[in-house]
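Subject: Structure handover

Hello,

Please find the sequence and the structure below. My notes on what was found follow after them.

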Amino acid sequence: MSSNEFRNALGSFTTGVCLITVDDAQSGALALTANSFSSLSLEPPLVLWNIQNDSDCFREYTECAHFGISILCADQQALSSAYARKDNHDIAQDDFIIDKYGAPLLKRAVARFSCKTFQLVAAGDHHIVIGEVMAFDAHDESPLLFSRGSYDQLAPRSD
Ligand SMILES: Cc1cc2nc3c(=O)[nH]c(=O)nc-3n(C[C@H](O)[C@H](O)[C@H](O)COP(=O)(O)O)c2cc1C
């Protein structure tokens, strides 16, 4: 199987983009761009995302008790690009608040989830991080999209 063809086929599944955030005792407050977010369960309320095993932030995201998920708005592509850069995960404090569990969340986002780490599952070259949602909010904002390796946004509704 060609890995490029596999990657391209996977990239045809259009997703939103989010920042996964954590406040680590040693490394401080971090954000990492991810599009592997998915809903998982309503009862209990669970969501998931996947982290690469070779991420420089692997320890911080797999040992944390709590983490945040902020779904990016269509005009927040610069934040997505910034926190997708290697060695650039320290958060710009001005853009974030700290939730009551100690995890950073973007001040402005389509939706925000405060999560307690529920389960970690090793799977191939990634780990699945499952979070129990302790609190969330959602706003009437248009989401940033990621499709076939590029950013995009929803076309205006015709109705
Ligand atoms: C749109 C987009 C989605 C991404 N999704 C994920 C993801 O779900 N999981 C992940 O581990 N990295 C993801 N990445 C890569 C990380 O954001 C980041 O580039 C990578 O972690 C950098 O390496 P480091 O973790 O060693 O600093 C994504 C990058 C982009 C641009």
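Strands here are DSSP runs (E, at least two residues), as helices are (H or I, at least four residues), and both are numbered from the N terminus. Two strands pair if DSSP finds at least two bridges between them. Gly16 lies opposite Leu145 in β11.

A word on the source: this is a predicted model, in which local features need pLDDT of at least 70 and side-chain atom pairs count only at pLDDT 80 or more, while totals for chains, interfaces and linings use all residues. Residues are numbered from 1 along each chain as its sequence is written.

Now the whole chain. The protein chain has three helices and twelve strands. Its radius of gyration is 15 Å, close to the 15 Å from the globule rule for 159 residues, so the chain is as compact as a globular protein of that length. That radius is taken over C-alpha atoms, and the rule is 2.2 Å times the number of residues to the power 0.38. The C-alpha trace spans about 45 × 40 × 35 Å along its principal axes.

Next, the core. The largest nonpolar core has 34 residues, and those touching the most other members are Cys18, Leu19, Ile20, Leu32, Tyr61, Phe67 and Leu72. Such a core is a set of buried Ala, Val, Leu, Ile, Met, Phe, Trp, Tyr and Cys residues joined through C-beta atoms within 7 Å. Buried means that 20 or more other C-beta atoms lie within 10 Å of the residue's own, with C-beta atoms placed from the backbone. The largest share of this core, five residues, comes from β3.

Regards

Definitions and conventions: Buried ≥ 20, exposed ≤ 12 C-beta atoms within 10 Å, placed from the backbone.
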